[in-house]
Every structure is written in structure tokens, then in C-alpha cells.
Amino acid sequence: MASLTSLPSYDHVFFGVIAFLVSVLIVFFSTKTKAKPLKLPPGPPGWPLVGNFFQVARSGKSFFQYVQDMRQKYGPIFTLKMGTRTMIFITSADLVHEALIEKSQIFASRPAETPTRTIFSCDKFTVNSAVYGPVWRSLRRNMVQGMLSTTRLKDFRNVRESAMDKLVDRIRVEAEANNGAVWVLKNARFAVFCILLSMCFGLEMDEKTIEKIDDLLKTVLITLNARLDDYLPILSPFFSKQRKRVMEVREEQLKTLVPFINKRRSALKNPGSDPTAATFAYLDTLFDLTVEGRKSVPSDTELVTLCSELLNGGTDTTATGLEWAIARLIDNPDIQSKLYNEIKSGVGNRKVDEKDVEKMEYLNAFTKELLRKHPPTYFSLTHAVTQPAKLGGYDVPTDATVEIYLPTISDDPTLWSRPEVFNPDRFLSGKEEADITGTRDIKMIPFGAGRRICPGLSMAMIHVNLMVARMVQEFEWSALPTQNKIDFSVKLEFTTVMKHTLQAVAKPRV
Ligand code: HEM
């Protein structure tokens, strides 16, 4: 997912690279042996070795626009050759059903990592990067049962409530200082990050420390962005400066997070020594974790990696949802009023809490419509097959990556009535239905589907619903006076955010 988010134009290296490649080509063709021909999905003809890489990078289009164009030209399944990588894109509900539900076991793996990702994932020792097998099963089971189960989630109610109070305070203060204007994404991001940090380490941290860790993990995400030599490893000698930087960021990550791991360890060893320490944290489940096929428990470096996964997986995705939510509420004052009225009639003047939120029909319909129209990630995480497979009648080899493009599913006019319209009512009174887990049918899968479906789904739904409810209960949202229409253009960062980061007016209701 993240590896696809930004493809810089690389104009400055383009012509130098061409000269280099021509010489490599000669060697390539003189040594190439004939392999059994595969029937890959169709796609644009590419150049030897670089494939379609420079066509994509020099198209002047964002990657998702390019993918949309290819879909128009080649249909719902197509291939792009990006350097040494063969990427197979699937963009329709029936193909996703075939891959993730009918052939779920075969399509449940992950591809080889780039060298940078190998370092940050401790050679695929995370839930999201592990190949389909015993390590993935152990790590995923631990994350789901130890942390994200319904019972466990209930244990963290207080953490969420206090983060919501902090969020409301921050918005109030920022609005007072700026004639009502508030940056939405930044505040939502901070609130979710506070919750996840607390769940992960079970330690109290001041705002400065939280911001420091947040900045660090953002730097990690930027470092993980794909580079030219990830597609063309032959060019890696030219990227030694970048590799050095990768090691520096990794060291910084370890230096910052290991002390918190030690602090938690010591709080567990000496109960009562840290009165602010929570009774339970994700880290506690990892200290003595037995992983199938391994003799030792996770090292400190691996603990940093597993904690960072939880923090990264749930922060930007959820905050992105909130930014689109507020944009939609500003664009549709009627929807905002309906939500506010539902909260008011359900809870009166009391603070809305997560038990109330579960019962709010309109809010739940709104959140579903939000995730239909604005899946926070346009691509699911990259899949790979465990053995040579067929999809839509084409071959999918084990060294290909399988990229699942989500918006064309949730915007498909054969599955939805007037999909272009943002309308939460479609989910009320049985007019339209969708199972967001994709188990019954594939119509919208913002969390993916099948064996690799997002394990944070339930928690994410609580976070989005709760934040929307509190933000609407406390504030009336409107556009800045300088802005007459909300611009719904998108930009791919780690997630699919608004092209123009949303600043909105938050007017306190009382
Ligand atoms: C609105 C919020 C979120 C969205 C839209 C989202 C979306 C996704 C998607 C599309 C995938 C890929 C599924 C696939 O490979 O087919 C995924 C995987 C994953 N997500 Fe989320 N996610 C969200 C929140 C969270 C949260 C809160 C956590 C954890 C605290 C989390 C942790 C993960 C992990 C660990 C995986 C990898 C699962 C695996 O490979 O087995 N996500 N998520």
C-alpha cells in the first residue's frame, strides 16, 4: 500500500539511467534463457528491463489516476511491469471475490520486501508483512486475541474517553486562537495516536513525548517509500546515501522506543513502582510471545517493530477517515443536523459515549457511507500467491505482486444505486446493504477481505464513530469564510487524504 503512494518523477536520473541500461541490456539478452510463457493479464507494452516504470513516472499523473486509465484501457485486471516487479492489478468485485474469498488461502501471502522494508520489519516479523504461514498465524492471533478482541477493547474505554476529552479541548483552544479555524487531520491524528500509544505501552506520556514519537514514526513511513532502486535493484550502487539515511532512521527509532519497552518491563516486574502504568498493554503480550517455529521470545528490536506496526496501522488510516467525515458534514449541513439531532435525542446534554454510539443508526450509516466513498487507503496491502495460480483466467506467478484497488468496487454502478452521491440514507430501512467484512458479498471493502482482512476493523469503527459523535456534539462545523466549496480532490500520502488539507470552522455549540 505505502510503496505505491508516491512515485517521484526521477527526471534528473532518467537520461543517465537509460545510458546505463542500454549496456546492461546487451548482457541481459545474451544470457536470457527461455522460460515457459505465462498468460499474464494484459497491460501496456514496456521497455526491456525497466518495463513500464518510466511510462508511469513520466506520465504526469498520480499513481491512482494512472491505474484508473489502465483499467479503462485493459479492463478490470491488468499488469504493469515496474522494473523487476510484475504487478497485477485487480479492480472489480468479482475478481476480488475470486482471489480473497474463493482462493483465499492461495492469495493470502505477502511479496518479498524491499531492502529498506526488510530492516524495518525485522525480515518480515510483523503481522502485515509476514508471508502466509506459522509466523504470521502466531503474530496475528496474538494481536487479535491479546489486543483487538471485543473484551480487550472494552478494557480501554477510559483511554478512549480521555483522548476524546483531549481532542475536544485541543479543538476548542485552536479555534479560539484562530477565529474558529481548526486543522482537522492533525487533531484527529493526535487523538488516535494517543489512544494507540497508551494501548501499546501502557505508560503515561506527556504531550511533548507523544509528539516526538509521532514525528519519528512519520519519518519511518517516509523512509519506507519506494525508491528507484527498489524497482531496479541493479541501480542500488547509486543509492548509498539513502541507505545510510535508512540506517540512521532505524537507529533513531530504536533509541527512542527501547527505553519505553524497558520502562514497561520494569513496571511489570515491580508492581506499584509506576503508579501511572496501566494494568494491561499490547507490549505485555509480546514479552513472552511464543512464535511457531522459533525458540526465542522477541528481541527488543523486534518489540520496537511490532509496536510500531500497531501505531502505524491504526493512526493515519483512522485520522484520514475523520478528515473526509468533517468535509462531508460541511458539504451537507442536512446530514450534520441529522447526526446532531440523533445525538441530542439519544443522550441529551450528557457527553456521548461509545455505548450510545453503538445504538445510533444514522451515525453508523454515515460512517459506512464515509468508508464507501472515501476508503482511507485506495490500495489494500499488497498480496502475493503461495503457489502459481489463476485469476480471471490469467496466470498469477509467485513472484508477482497482487494489488487490489478499492474505489472502483465501492463506486461500481452495477453494485450501487447512484454511487457518486454521498448518501447515508442508502443504508437505512434496508434500501441498500453492504457487509464491510466482505464475507457475504464484496461491495465495499475498506478493510480488505479474507484471511488478511484488517484486524483493527472493530477498533477503527469505534474510533471513527466516537470521534465523529463527539466532534459533532461539541461543535458546529462549517467552511472557512474564504472557501465557498469543499474540494474533494485526493492526494496519495501514506493514505488517501484531501488534496488541500482541511481547515474548517468549529463553532462550540454551548
Ligand atoms: C479506518 C481505519 C483502518 C483502515 C481503513 C484499515 C485498512 C486496512 C487494509 C485495507 C488492510 C489490508 C488488508 C489486506 O491485506 O487485504 C489492513 C491491514 C492491516 N491493518 Fe488496518 N485499517 C485501519 C485501522 C487499523 C487499526 C486501528 C489497526 C491496529 C491497531 C490496523 C492494523 C492492521 C494490520 C496489522 C494489518 C495487516 C493484517 C494482515 O496482514 O494479516 N488497522 N488494514
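This is a predicted model: local features need pLDDT of at least 70, side-chain atom pairs count only at pLDDT 80 or more; totals for chains, interfaces and linings use all residues.

Guide: We'll go through the sheet, the ligand shell and a few single residues. Residues are numbered from 1 along each chain as its sequence is written.

Visitor: Then let's start with sheets. How do strands pair in a sheet?

Guide: Strands of a sheet pair through backbone hydrogen bonds, either parallel or antiparallel. Strands (E, at least two residues) and helices (H or I, at least four) are DSSP runs, numbered from the N terminus. Two strands pair if DSSP finds at least two bridges between them. Here, three strands form an open sheet in the order 1-2-6, with mixed pairing. Strand 1 (77–82) and strand 6 (400–404) are the edge strands, each pairing on one side only. From one strand to the next, the twist averages 25 degrees.

Visitor: In which sense does strand 2 pair with strand 6?

Guide: Strand 2 (residues 85–90) pairs with strand 6 in the parallel sense, over five bridges. To find the place on your screen, look for Ile88, whose bridge partner in strand 6 is Val402. Strand 1 and strand 2, on the other hand, run antiparallel and are joined by six bridges. Met82 stands opposite Arg85 in strand 2. These two strands form a hairpin with two residues between them, and Gly83 in the turn has a positive phi of about 60 degrees.

Visitor: Why is strand 2 described as largely enclosed?

Guide: Burial is a neighbour count: a residue is buried if 20 or more other C-beta atoms lie within 10 Å of its own, exposed if 12 or fewer, and partly exposed in between, with C-beta atoms placed from the backbone. Five of the six residues of strand 2 are buried, so the rest of the structure largely encloses this strand.

Visitor: Now the ligand. How many residues surround it?

Guide: A residue is near a molecule if its C-beta atom, placed from the backbone, lies within 6 Å of it. The ligand has 24 residues around it, and the closest are Gly313, Gly314, Gly448, Cys454 and Gly456. Helix 14 (300–331) and helix 19 (457–474) are the elements that give two or more residues to this shell. The largest share, seven residues, comes from helix 14.

Visitor: What kinds of residue make up that shell?

Guide: Ala, Val, Leu, Ile, Met, Phe, Trp, Tyr, Cys and Pro count as nonpolar, Asp, Glu, Lys and Arg as charged, and the others, Gly among them, as polar. The shell divides into 11 nonpolar, 10 polar and three charged residues.

Visitor: Is Cys454 buried or exposed?

Guide: Cys454 counts as buried because 22 other C-beta atoms lie within 10 Å. The loop between helix 18 (407–410) and helix 19 holds Cys454. Contact means that the C-beta atoms of two residues, placed from the backbone, lie within 7 Å. Leaving out residues up to four places away in sequence, Cys454 touches Phe447 and Gly448. UniProt, in an unreviewed entry, lists Cys454 under "binding site"; such annotations may be inferred rather than shown by experiment.

Visitor: What should I know about phi?

Guide: Most residues other than glycine have a negative phi, and most peptide bonds are trans. Leu49 has a positive phi, near 70 degrees. You'll find Leu49 in the loop between helix 1 (11–31) and helix 2 (53–57). Leu49 counts as partly exposed because it has 17 C-beta neighbours inside 10 Å. Asn179 isn't a glycine either, and its phi is positive at about 50 degrees. Asn179 sits in the loop between helix 8 (157–177) and strand 3. With 9 C-beta neighbours inside 10 Å, Asn179 counts as exposed.

Notes:
Axes are lines fitted to C-alpha atoms, for helices over the stretch in contact, and angles run from 0 to 180 degrees between N-to-C directions.
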